[in-house]
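Me: Hello! I would like to get to know this structure with you, one question at a time.

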Amino acid sequence: MSSPARLRIAGGTVYDPTNGVDGVVRDVCIEDGRIVAELPRDAQRLDAGGMVVMPGGVDIHSHIAGPSVNHARRLSPEEHAADAMPAPRLEDATLARSGTGGTVPTTFATGYRYAGLGYTTAMEAAVAPLGARHAHAELDDTPILDAGFFVLLGNDDYLLRQIAAGETARARDYAAWLLGVTRGYAIKIVNPGGVALWKSGGSDGTRNVTGLDDIVGSTSVTPRKILETLGAAANALALPHPVHVHSNNLGQPGNYATTLASMKALGGQRAHFTHLQFHSYGGERGKPWQSAARDVMEYVNAHPETSVDVGQVMFGPATTVTADSPVEHLLATSTGGGRKWVNVDIELESGCGIVPYVYKEKAAVAALQWAVGLELFLLAKDPWRVVLSTDHPNGGTFLSYPELIRLLMDRSYRDERLKAVNQKLLGGSALLDGLSREYTLQEIAIVTRAGPARLLGLTNKGHLGPGADADVTLYTSDADRAKMFATPRYVLKGGTVVVEEGQLRRAPAGQRLSVRPEYDTAVTKDLRRFFEQNATVSFANYGAEAVP
Amino acid sequence: MTERATEHVTCLGCGCACDDIGVVVKHGRITQANNACALGAAWFGDGMVPAEIRVDGQAATLEKAIHKAATLLVRAKRPLVYIAGDVSCEAQREAVAIGDRLHAAVDSLAATAAAAVLAAQRRGRATATLGEIRRQADLVVFWAVDPSERYPRFTARYTGERRASRAVIGVDVGPSRGPRDSDLRVTIAPDDEVDALAIMRAIVAGRDLDAAERFESAVDLARRMMRARYAAIVADGEPSSAAADPDRAEALVALAQALNGPTRCALATLRAGGNRSGADAVLTWQTGFPFAVDFAGGTPAYRPARGARVLLAGGEIDAALVVGSPATLPEDVAEGLGGKSVAVVGPRASAATFGPGVAIDTGVAGIHECGTAFRMDDVPLPLRASLPGPPAALNVVRTIRERLGARTHE
Ligand code: SF4
Ligand SMILES: [Zn+2]
């Protein structure tokens, strides 16, 4: 079929949680790339009888573009060689591109494969401001997806100076300025203060923070202060998405206490805590780890202003890639060494650490991580605030989402898998108590599209009401939910039929999602001076503004 | 208006990509490139470049030249796309797209630093963007390189200030010597270099060993680096008098990584200009591989030992598209292109010495054309146009790509 301006998706079973539609047989009408209430009877029809119809998927946290991702790609040529992707046979005028996959696919492969899963929007979760121009260039080469990125801020030289000087308003103006010049979408905080200490040198014990009240350079700068300053700034600027927080102590036993403290530090205001699974461990260093999913989810359940994504670990190959560079040093050296390891200290803000990694069912810690993620999902009372993610490619790639959906929807399958994993650290896990919950299709629609769209403030995404972007995915219902979600029959992006009978057929360019908040421009005078004294990049060239 | 100044211009004269150049244009010519070093000033020149379009040596219209280039490429049995210097990432992206469309071999100037790239692929990296080295390093070790020759402003911009709080050590390896004004010099015989690096790494890892006396200064250097709060090692990634030794490149990475146990350390690899680092980045994000990519099988394959140089020397290539300035081509690549059916799109294409069938002069990225380029440390920078020039490389390459039409599926 062609991609008509008007299309009636007729007779499908629609799951549109935002509009309270839960498995109702009805038509979805599309005109000029948008959902409309009605169409004339003679409009072209797509017979969706027996199919499940949902909005296009929205990934709230994924690493798909920018300097760190490209370092990760460069690091694993053998993975790419093992997963070569021929160019698809497209029917539109765009040049179909070949590529390579592995855990960190090329840009074209990323766009095609996300669309092939029925995802039409994704947020790159961590871009250092210095690399913003690079991230945009990669997103320009990532077809189909509407995409944006979160700008790293939380270890930034200028920001920390403002906090030290008690200049809260200027810190807020700076954040607003930075979002604008980088064409970013939201503020990302990674291990607040910890990365700054790692970059400032020295030996073990001095080069990371361990809790919210550790001192970062100046005595008036602590992780808590950084969280408070940026959390308040994001809310004062009325950004569509609040601060997106990767807490301190990622991956450490006992870190759930830090996670809860961070949530409480931002209590009463909107904040998003990412890849919560990596932050929900009990126990202590040198002692056995255990799950603390219950404690963490209890807090989340009780606090409607707090949202999270899970960062599920899936067994198989992954690439850990994060701005939390001290953590990657730990991972690279604690596992007997010999692993590939990348560290890049980045000027002004942030770092980059990369270690390729394999999560094995038979490994005690990997099994615990897998279990903790599932517990978080199954203990969540409000799916609108608990988003499905694997922190691609950290916990596994986005291609494992269908398998994850099956684990959530199919208890007998889950229990079977649970028996196969290393049980050593699962003692305190709620999974062993027999969590019987099975996600419904409506709940899957919430955690994979309606919820993340709402949390991102993307009012035209994640639903099928009139005015929404016509991003629609049609699945053939199948008892094997992994199979069902891995192979959508049709995917529409902005009204264009990109997947047809399971085949990628069109690859239009996606839209860029960015914000440009207002701020008091007085900050730029001070910034210009700061750049002249401290930066190797001209003030005018920082960020990603178009150059005449 | 006869005088115009453009500020914050990025120079691609070397990999330093200094972005603080003020370019003054009078009567249509560049009269000043403020802040630029001599190499940079020469790179900007007076901004005058040829604007010729030639087919088989004769002047032709752009339309005819583009048609001829597309025809030559489509007819090729074993085409090569080579990304040379002084084009933007935007043009490089189109060049790789052509390679993909044609099932061609694609290579670039980034291949000159292959030893360092391959070492990083085997082990990873411990590095930093240059600004962070300037900010943090209290010890800088120049390993067998004096940047003042090929990277003139490197020390001034990225390691030079705050001498009081920063020690500079020059390591001399045979004729490859560290900076003349180093606070301390360490001499290592060329044959001992890789062993010396291994011994240093063992010391850093806390292993006891009885090193031969001739390694004493290397052992001392290792201890000194461990005492630093943040040590930087600066090494040259480009070919020099010594052959690029993969073991040496890997030993440097391993030492820098190991130093992050007792202290912090970053290895900075010097790379030449012309936006070759951009070619590395673009190829990596589009294909998964940084250079020497072969689309012959319909998908990108990595052939680091069979790059453009080897394919040309082996007589495998029958036609080529060069995107970029032919003057920047490595000698053996330029030689290998002789006698082949070649189209060149780039600055001073008409001056190519190997007699290309099609030559389309374009502007120079960063002088006549805007866009994006990468510094040697992979930092992206905007390119600014200071004066108008011949057709933009991006537009010409894109038009050729469009002319090739959609992919044919066999
Ligand atoms: S150091 Fe390199 S980039 Fe800087 S002005 Fe000189 S040639 Fe240009
Ligand atoms: Zn992440």
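Predicted model: local features only at pLDDT ≥ 70, side-chain atom pairs only at ≥ 80, totals over all residues.

**Helices, strands and a metal site**

Me: At roughly what angle do the axes of helix α13 (residues 401–409) of chain A and helix α15 (residues 441–456) of chain A cross?

Reply: Helices (H or I, at least four residues) and strands (E, at least two) are DSSP runs, numbered from the N terminus. Axes are lines fitted to C-alpha atoms, for helices over the stretch in contact, and angles run from 0 to 180 degrees between N-to-C directions. The axes of α13(A) and α15(A) come within 11 Å and cross at roughly 135°.

Me: What is left out of the side-chain values?

Reply: Residues are numbered from 1 along each chain as its sequence is written, while chains are lettered from A and ligands numbered from 1 in the order in which they are written.

Me: Which residues of α15(A) do Ile405(A), Leu408(A) and Met409(A) meet?

Reply: These three residues lie in α13(A). Contact means heavy atoms within 4.5 Å. Their counterparts in α15(A) are Leu441(A), Ile444(A) and Thr448(A).

Me: Which residue of strand β19 in chain A is the bridge partner of Val342(A)?

Reply: Two strands pair if DSSP finds at least two bridges between them. Strand β18 (residues 341–345) of chain A and β19(A) pair in the antiparallel sense over four bridges. In β19(A), Val342(A) has as its bridge partner Ile354(A).

Me: How many of the nine residues of β19(A) are buried?

Reply: Buried means under 20% relative accessible area, exposed over 50%, and partly exposed in between (1.4 Å probe, protein chains only). Strand β19(A) spans residues 351–359 and is mostly covered. The number of its residues that are buried is eight.

Me: Which residues are the protein donors of the zinc ion (ligand 2)?

Reply: Donors are N, O and S atoms within 2.8 Å of the metal (3.2 Å for Na, K and Ca), and sites may look incomplete because water is not among the atoms. The spacing along the chain is H-x1-H-x327-D. Lying 2.0 to 2.1 Å from the zinc ion, the protein donors are His61(A), His63(A) and Asp391(A).

Definitions and conventions. Heavy atoms only, no water.
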